[in-house]
Amino acid sequence: MTALLQASGLTAFYGDAQALFGIDFELNAGETVAIIGANGAGKSTFLKALTGLVRSRPDQIRFDGQSISGLPPGEIVKRGIALVPEGRRLFASLSVEENLLMGAFAQRPGPWSLQRLFKLFPVLEQKRALPGTALSGGQQQMVAIGRALMSNPSVLLCDELNLGLAPIVIKEIYDALPAICAEGMTAVIVEQDVSMAQRMSRRIYCFQEGRVALQGASDSLTREQISQAYFGV
Amino acid sequence: MVETLLQGLLLGGLYCLFALGQSLMFGVMRLTNTAQGDFIILGSFAAIAGMNALAALGWNNGFASFAVMLALLPLAFGFGYALQRWVLNGTLGRDPLPSLVVTFGLSIVIQNLLLELFSADPRSIETGGLNTASIALPAGLAIGVLPLAIFTVALVATGALQWLFNGTRLGRAFRAVSDDKEIAELMGLNSHTVYAFATAIAFVLIALAGVLQGMRTTVSPADGPLLLLFAFEAVIIGGMGSFWGTLVGALLLGITQQIGFRIDPGWGIWIGHIVFLVVLVLRPQGLFPKTRG
Amino acid sequence: MTHAQVIRSTPGSRAAQLAGLLLIVVAATLPLWAPEDSRSPWMREFVEIACYFIFAMMWNLLAGYGGMVSIGQQAFFGFGGYVMLMLGNFAGVNPFVAVPLGALVAALVAVPVSFVAFRLQGGYFAIGTWVIADVFRLSFANVSAVGGGSGTSLTALRGIEKATRENVTFWIALACVVAAITLVYLFLRSKRGLALLAIRDNEVAAESQGIDVRGTKLAVYVVAAFGAGLAGALYFVGNLRISPDAAFSVNWTAFAIFMVVIGGIGRIEGPVVGALIFWALNKFFSGYGTWYLMGLGLLAIVVTIYFKQGLWGWAQRRFGLSLFPTQRTLRL
């Protein structure tokens with residue numbers, strides 16, 4: 001079975017500084033894959049490269065059999081990859097509802113709509129007219145996820161969903177993920193919490209200094225293997 | 001005194017039209033168009049040229065001026081779109097210098113081009129008497145029909161712009177791309193196109209302002225820079241990020257200048273500048289900075 | 001252990017310093033060796049271009065190094081000119097002595113002006129400074145003692161013989177040019193100068209390192225105002241007649257921007273190259289009036305979009321030249 005999303009020897013640069021050194025990555029339809037690693041390991045950069053926010057070399061990323069390297073982010077969204085960015089990054093001048101509507105800008109057909117999102121995250125319906133930034137961290141994260149879902153993606157990329165959130169809120173968010181992925185959504189989640197990552201995903205990649213240090217099935221990797229790959233000791 | 005206030009308000013309406021385009025361009029893409037005033041004057045002269053052409057064809061009454069104005073608006077839209085897409089988009093970025101230098105260069109090119117084509121003599125747009133007609137009000141006051149019309153246009157334009165921003169898909173796109181260009185592009189927005197639309201709309205306002213200015217008074221090629229300063233002052237006094245704020249700022253500037261002109265013709269503009277500087281020192285964010293909702 | 005050296009000059013810069021010294025000697029003796037009929041116009045032309053150059057140099061310091069793009073430096077240019085004239089006409093001060101005094105007063109007035117101007121940033125700072133310059137213009141236009149809107153003449157030099165006046169003006173212009181270049185060069189090589197570069201690159205990071213951002217910016221603004229005032233005072237000593245529209249015209253800044261952008265912003269050589277190109281263009285094409293100015297405008301636009309570092313910057317990248325190095329290279 002050919003992978004839905006595939007990276008081969010992916011390299012990425014910030015100006016002259018190289019951030020990714022040849023990442024090989026595979027994502028199959030319907031599965032949830034987690035990426036773990038220390039700060040600066042290149043996890044966020046990898047997701048940005050997948051969505052076109054960071055340039056990659058030609059033919060290093062293939063989606064649904066076609067190369068998407070070098071395409072602008074707008075094009076990639078239209079093809080069905082959506083990103084929930086690190087730090088939420090809601091639009092400050094827009095209300096909650098308008099933020100969600102922006103997600104639908106690409107007008108991809110699919111099951112997700114405002115109504116469906118409000119069923120998933122009821123608190124957002126109450127606060128729909130408020131500016132996005134007036135919400136708590138956890139609620140903002142819900143908006144960010146909802147915004148990504150509004151583009152009806154086939155692949156959802158989540159960058160550190162629980163950054164800066166209280167544990168009880170984190171649970172609330174992660175409880176919603178199965179509902180999202182139940183309909184065959186393919187997802188990649190970048191996580192700092194290793195045990196959370198193992199629980200939520202089927203396979204794990206561990207990044208270290210811009211390279212893949214370890215990969216395997218979530219339930220078969222041991223503590224030692226993971227900490228070795230994580231810290232490079 | 002009431003008459004001075006009234007005249008100041010009506011003058012402020014015109015200044016609002018000068019300022020809306022600037023407010024829009026800065027709000028959406030942080031671009032300071034130092035050629036704002038010169039483009040307005042270009043609009044005036046374009047209308048004058050249009051009038052001359054129509055007169056040569058035998059049509060030269062007051063209605064001709066409105067026909068020219070209507071024809072000018074879509075032209076201005078296209079011109080603004082092209083200018084942003086192919087010249088100004090290349091100057092955007094964290095450094096404000098390139099956009100400043102390029103628009104400044106455009107300012108010089110426009111002034112000298114107009115000088116070459118029309119000479120330095122002041123001209124105006126023939127309105128068939130509209131610019132001298134007036135309406136009588138109670139208490140012996142009178143206001144000009146044209147200034148009142150300009151004020152009304154300013155009100156409508158401000159309301160329309162505010163509605164565009166808050167109630168339409170394009171307005172959402174403007175606000176989104178201004179908040180976070182990278183994430184907006186992630187949503188499928190093409191920032192280059194969005195910026196071009198913003199400038200296109202700004203230029204419609206510029207053309208409108210130019211034609212009305214040419215009807216109200218005489219224009220000459222070197223008038224641009226002063227109009228830029230007025231537009232800028234209106235935006236700062238009112239507070240950035242709000243079109244109604246720009247209107248209020250423009251009205252205040254108009255009133256201040258009129259009071260100054262009454263005291264002494266040489267001091268009108270000076271007093272406007274001083275009030276602007278005072279507002280800048282005491283309340284740098286303006287009177288009505290960006291409010292949500 | 002390898003011995004690391006900090007290199008502060010290049011072979012090119014040392015050669016340039018020598019050439020520069022030679023040029024100064026040659027120029028200073030010009031009144032002695034120049035042919036009779038071209039002496040006067042050459043000297044006058046030099047004084048004029050010196051004013052443009054000093055003004056551009058200071059604008060470059062403010063914008064390229066200080067990161068503050070101003071369209072209002074002409075406020076200090078005209079102010080320096082008027083102060084010189086007032087000291088000469090009303091206070092009996094020798095106008096040649098009044099030139100640096102005018103610059104000094106301009107620098108002093110820059111301090112309260114900065115309280116207002118620094119409220120703004122970026123593009124709006126630029127236009128705000130233009131408003132302030134217009135306030136200066138309108139203010140002086142309403143002072144009848146200096147001729148109001150139509151201006152007045154510098155009467156204090158009436159008694160001096162023409163040749164002497166022209167010679168002294170020329171030498172002072174030369175001295176001002178050398179002083180301006182030296183001042184800027186030394187400032188940038190100093191600790192303050194390094195602080196400036198740090199601020200330019202990342203203001204927040206610089207502040208966290210303990211750099212007094214506001215103080216440094218104020219220092220640059222005052223130095224730039226001094227230079228602008230110097231250029232203005234010098235210009236009107238040469239011109240003998242001042243008016244608000246001439247003194248506070250935005251064209252001064254327009255030409256400065258042109259010179260700096262063409263030459264390359266943020267480099268000391270930039271204004272030098274730009275001034276030379278400007279002088280050459282002026283010499284051959286200014287007869288074309290409006291078309292010439294349109295050409296200048298278009299050239300500035302094209303260079304800004306396609307040659308972001310200016311022509312000298314492009315040459316520096318291409319050939320690695322540097323005549324006024326302010327960088328320190330670490331050679332291991």
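Start at E209(A): with 14 C-beta neighbours inside 10 Å, E209(A) counts as partly exposed. Here a residue is buried if 20 or more other C-beta atoms lie within 10 Å of its own, exposed if 12 or fewer, and partly exposed in between, with C-beta atoms placed from the backbone.

The model is predicted: local features need pLDDT of at least 70, side-chain atom pairs count only at pLDDT 80 or more, and totals for chains, interfaces and linings use all residues. Residues are numbered from 1 along each chain as its sequence is written, while chains are lettered from A and ligands numbered from 1 in the order in which they are written.

Stay on E209(A). It sits in the loop between β9 (203–208) and β10 (211–217) of chain A. Helices (H or I, at least four residues) and strands (E, at least two) are DSSP runs, numbered from the N terminus. Check the backbone: phi of E209(A) is positive, near 50 degrees, and the residue is not glycine. Most residues other than glycine have a negative phi.

Next, select D64(A). Look for it in the loop between β4 (61–63) and β5 (66–67) of chain A. Its phi is also positive, about 55 degrees, and D64(A) is not a glycine. D64(A) is partly exposed, with 16 other C-beta atoms within 10 Å.

Now show both chains. The contact takes 21 residues from chain A and 15 residues from chain B. Two residues are in contact if their C-beta atoms, placed from the backbone, lie within 7 Å. On the side of chain B that touches chain A, α6 (169–179) and α7 (181–186) each supply at least two residues. The largest share, five residues, comes from α6(B).
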